[in-house]
Amino acid sequence: MNHKERALLALNHQEADRVPLDLGATGQTGMQVSTVYALRQALKLDPPGTPVKVTEPFQMLGEIKEDLLDFLGADFIGMGGTKNFFGFENKDWKEWQTYDGTPVLVPGLFNTEPDEDGYLMQYPEGDRSAMPSAKMPKGGFYFDSIVRQPPLIEEELDPADNLEEFTLIADDQLEYMKRESIRLEKESDRAIVLSLPNMAFGDIALVPAPTLKNPKGIRDMEEWYISTVTRKDYIMEVFARQCDIALANLPKIFEAVGNRPTVAWVSGTDFGAQNNSFISPRTFRTMYKPFYSKINDWIHTNTTWKTFIHSCGSIMPLIPDIIESGFDILNPVQISAANMDPNELKQRFGDRVVFWGGGIDTQRVLPFGTVAEVKEQVKRHMEIFGPGGGYVFNPIHNVQSKVPVENLIAMYETQREYGKY
């Protein structure tokens, strides 16, 4: 059974020869670059000192190359556009070292010079004449968005200002998607995961607009959350227009890639916190569900893609409406959050949604547990989520920095050992 066949069976709630595995097919299922380097060195995939590419600078995610996918037996491969979170292209690679000394390659427009206070700034489109849109503190591992909120004048607020980054997809990006989907289908038997642009409603990572040089509208994260209550009509108008743009883009994207992708990543909007959901089911039903339903309806009517939503946190009360919105796949399955018991998730929803994640707690067990604890949790979660299909193994969100490599190896070895149905 090849990778795509295995993936399709699991996505259709059927048992294959084993539970499929993902590493790096999306921006929430990857690995921080220093950890990628440590793993590649431990597996002797590279000579010492061989740099790893930083493919997503905001989260400092490392490139997951085919040889690592082959070694682990991963069943999916990701595909997106040419530009990263800061709006510049991943090209013209140059050498750099992270603060922990890891040798990496970063895109040419990635700023590698700290300011006088030791902060490493990144700039929208790599333009250093613009105000920086993110910063990493000295000794840090990731970037934090910089809020560049213009003064809010209530009577001048225009929903169009919060839509500047949501545009019709450019012809060069469509041509790239076409070429890349053809290449991946030809060169790999893995299931392709296509990341669709600009279809996540209210994704708080996008609110500060890290790609824009002069963002307008509501760009402060706290103000945005408050506005979902105090300026609900404004937010709904933003979502409605964004949905129209998404529905205009979908036929163009499908014309470019066809049914070569197996999965379409649609949304990364987080609806849950550690101890509860951010919003009530009623709010999800009225503010988000209508728009996600339109996107999922178009996809399911016109393609064979399975649709993927990422939402961290404690979201048990929202899952029925997420499923009714048309989503086929739920990630990251944060069983470490309150009221997210794996047994209850599987029993209540396991026949209606694919759980993609939930393999191990990345907050405590994977970084701080013993090898024995890692093995025990992976084994237990495989036994809960695996039966009957409808499960893709992945840790809860991206694997973070400074995770002991022996824990990583134990995780993947245990997944392989207990992945058979």
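**A walk from a loop to the helices**

Let's start at Asn339, which counts as exposed because its relative accessibility is 57%; here buried means under 20% relative accessible area, exposed means over 50%, and partly exposed is in between, using a 1.4 Å probe and protein chains only. Before going on, a word about the model: it is predicted, so local features need pLDDT of at least 70 and side-chain atom pairs count only at pLDDT 80 or more, while totals for chains, interfaces and linings use all residues. Residues are numbered from 1 along each chain as its sequence is written, and side-chain values use heavy atoms, with hydrogens and water left out.

Asn339 sits in the loop between E12 and H9. Those labels come from DSSP runs numbered from the N terminus: helices (H or I) have at least four residues, and strands (E) at least two. Asn339 isn't a glycine, yet its phi is positive, at about 60°. The loop between strand E12 (329-331) and helix H9 (342-349) also holds Pro332, and the peptide bond leading from Asn331 to Pro332 is cis, with omega near 5°. Why point these out? Most residues other than glycine have a negative phi, and most peptide bonds are trans.

There's another positive phi to look at, in Asn198, where the value is near 65°. You'll find Asn198 in the loop between strand E9 (191-195) and helix H5 (221-230). With a relative accessible area of 26%, Asn198 is partly exposed. Its C-alpha atom is 9.7 Å from that of Leu168, a residue 30 places away along the chain. Leaving aside residues up to four places away in sequence, Asn198 touches Glu165, Phe166, Thr167 and Gln242, where touching, or contact, means heavy atoms within 4.5 Å.

Now head inside. Ser181, in helix H4 (residues 171-187), is buried, with a relative accessible area of 0%. Its contacts, again not counting residues up to four places away, are Met79, Ile192, Ala256, Val257 and Arg260.

Which residues touch the most other members of the largest nonpolar core? They are Leu196, Ile253 and Leu345, out of 105 residues in that core. A nonpolar core here is a set of buried Ala, Val, Leu, Ile, Met, Phe, Trp, Tyr and Cys residues joined through side-chain atoms within 4.5 Å. Helix H6 (residues 232-257) gives this core its largest share, 11 residues. As for Leu345, its contacts beyond four places in sequence are Met316, Ile319, Val333, Ile335, Met340, Gly350, Phe355 and Phe385.

Stay with H6 for a moment. H6 packs with helix H7 (residues 281-302) at an angle of about 10°, and their axes are 10 Å apart. The axes are lines fitted to C-alpha atoms, for helices over the stretch in contact, and angles run from 0 to 180 degrees between N-to-C directions. H6 and H7 are therefore roughly parallel; the naming goes by angle, with under 35 degrees roughly parallel, over 145 roughly antiparallel, 65 to 115 roughly perpendicular and the rest oblique. Among the residues that meet are Ile235, Phe239 and Cys243 of H6 and Tyr288, Phe291 and Trp298 of H7. By class, the contact of H6 with H7 has 16 nonpolar, 2 polar and 2 charged residues. Nonpolar covers Ala, Val, Leu, Ile, Met, Phe, Trp, Tyr, Cys and Pro, charged covers Asp, Glu, Lys and Arg, and the others, Gly among them, are polar.

Cys243 is buried, at 1% relative accessibility, and so is Cys312, at 13%. How many disulfides turn up in the whole structure? The search finds 0, with a disulfide taken as a pair of cysteine sulfur atoms within 2.5 Å.

Last stop: helix H2 (residues 33-42), which packs with helix H12 (residues 405-418) at about 75°, their axes 10 Å apart. That makes H2 roughly perpendicular to H12. Thr35, Ala38, Leu39 and Ala42 of H2 make the contact with Val405, Leu408, Ile409 and Tyr412 of H12. This contact has 7 nonpolar, 1 polar and no charged residues. H2 is mostly covered, with 8 of its 10 residues buried, among them Val33, Tyr37 and Arg40. The cover over those buried residues includes strand E1 (52-56), strand E2 (61-62), helix H3 (66-72), strand E5 (103-106) and H12.
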